[in-house]
Amino acid sequence: MSNFLIAGNWKMNCGPSEAKQLSDDLANRWPSGSFQCEVVVSPPSISIPSAVESLEDTDIKVSAQNTHTEDSGAYTGDISTPMIKDAGCTHVIVGHSERREYYGEDNDLVAEKARKVILDDLTAIVCVGEKLDQRKKGEQEKIVMDQLDAVLNKITIDQAKSLVIAYEPVWAIGTGETASPEQAQEMHLFIRNFLKERWNEQRSSEIKILYGGSMKPANAEELLSQNDVDGGLIGGASLKEESFSGIIEIAEKLS
Ligand code: PGA
């Protein structure tokens, strides 16, 4: 099994001073060389510089939560991939269900953004996942397949080296409800097979598939123990040093 990727998604939490505090706490807990897995935090864009500065001497990387398809221009309120890179980030979350739901981002736009991120030499963490009513109707695989297909159509097998997929069932995000380890594994395997059919066995096994949705120290071990779960995208539990570190510790133990 390759190294786990543990990614914190701070969403619209932690302005620059809080971000500095949380990043300083993480830096103290995880000095350079203290873990094997890959760890990423994703502050709101205004707090990226303080997180980058605080985490400078650690192995914790910094991600943006969203980006634009253009480099610059008259797009009030947006930030672009060259800016994200310039600020010191290595990753960008793309197509989070909250962006899809509240900002109308559709599969095509998400795919364009993912492509732009990858072309600019950043890693795209592309989020996919079904809503509760879709799962109740048994449509989860079709939904995830369409979301993925749009992205895979825009990138090459070589570019897929910079692709991470986060399976986040929308009904499990911020609800305290977690997909069972079996439900997570079932969908992760479906995604893995979809990648294999599109490309090949080797590339499909190299692409990390993260689980997201109410992951916390209490349930991380059983989720991360699943064969095709390569890490987590963590919202609520990434906002406290102890709970985020607790998940990193579990990933380290399982590595
Ligand atoms: P949660 O969020 O861990 O708070 O459920 C996960 C996410 O939305 O990425």
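Q: Why is the pair of Trp 30 and Phe 35 called edge-to-face?
A: The ring centres of Trp 30 and Phe 35 are 5.8 Å apart and the planes stand at 75°, so the pair is edge-to-face.

Q: What kind of model is this, and how are its residues numbered?
A: This is a predicted model, in which local features need pLDDT of at least 70 and side-chain atom pairs count only at pLDDT 80 or more, while totals for chains, interfaces and linings use all residues. Residues are numbered from 1 along each chain as its sequence is written, and side-chain values use heavy atoms, with hydrogens and water left out.

Q: Are Trp 30 and Phe 35 buried or exposed, and how do you know?
A: Buried means under 20% relative accessible area, exposed over 50%, and partly exposed in between (1.4 Å probe, protein chains only). Trp 30 has a relative accessible area of 3% and is therefore buried; Phe 35, with 8%, is also buried.

Q: How many disulfides does the structure hold, and how do you know that Cys 89 is in none?
A: The structure holds 0 disulfides. For Cys 89, the nearest cysteine sulfur is that of Cys 14, 15 Å away, whereas a disulfide is a pair of cysteine sulfur atoms within 2.5 Å. A disulfide is a covalent bond between the sulfur atoms of two cysteines.

Q: Are Cys 89, Cys 127 and Cys 14 buried or exposed?
A: Cys 89 counts as buried because its relative accessibility is 5%. Cys 127 is buried at 2%, and Cys 14 is buried at 10%.

Q: What makes E1 mostly covered?
A: In E1, 5 of its 5 residues are buried. Leu 5, Ala 7 and Asn 9 point one way, Ile 6 and Gly 8 point the other way, and all are buried.

Q: How do you know which strands pair with E1?
A: Two strands pair if DSSP finds at least two bridges between them. E1 and strand E2 (residues 38–42) have 5 bridges in the parallel sense, and 4 bridges join E1 to strand E8 (residues 231–234), again running parallel. Ile 6 stands opposite Val 39 in E2 and opposite Gly 232 in E8.

Q: What makes the unit of E1, H1 and E2 right-handed?
A: A crossover is right-handed if, with the strands pointing away from the viewer, the path from the first strand over the helix to the second runs clockwise. E1, H1 and E2 make a right-handed β-α-β unit.

Q: How do you know that the span of helix H7 agrees with its number of residues?
A: The expected span of a helix is 1.5 Å times one less than its number of residues. The 13 residues of H7 (residues 140–152) should therefore span 18 Å, and the end C-alpha atoms are 18 Å apart, which agrees.

Q: Which residues of H7 are buried, and what covers them?
A: The buried residues of H7 include Ile 143, Val 144, Gln 147 and Leu 148. Among the elements covering the buried residues of H7 are helix H5 (107–119), strand E5 (123–128) and strand E6 (163–167).

Q: Why is Thr 156 called partly exposed?
A: Thr 156 has 40% relative accessibility, so the residue counts as partly exposed. Thr 156 lies in the loop between H7 and E6.

Q: What makes E6 mostly covered, and with which strands does E6 pair?
A: In E6, 5 of its 5 residues are buried. E5 and E6 pair in the parallel sense over 5 bridges, with Val 126 opposite Ile 165 in E6. A further 4 bridges join E6 to strand E7 (residues 208–212), also parallel, and Tyr 167 stands opposite Tyr 211 in E7.

Technical notes. Helices (H or I, at least four residues) and strands (E, at least two) are DSSP runs, numbered from the N terminus. Contact means heavy atoms within 4.5 Å. Rings of Phe, Tyr and Trp (its six-membered ring) pair if their centres lie within 6.5 Å; planes under 30 degrees apart count as stacked, over 60 as edge-to-face and the rest as tilted.
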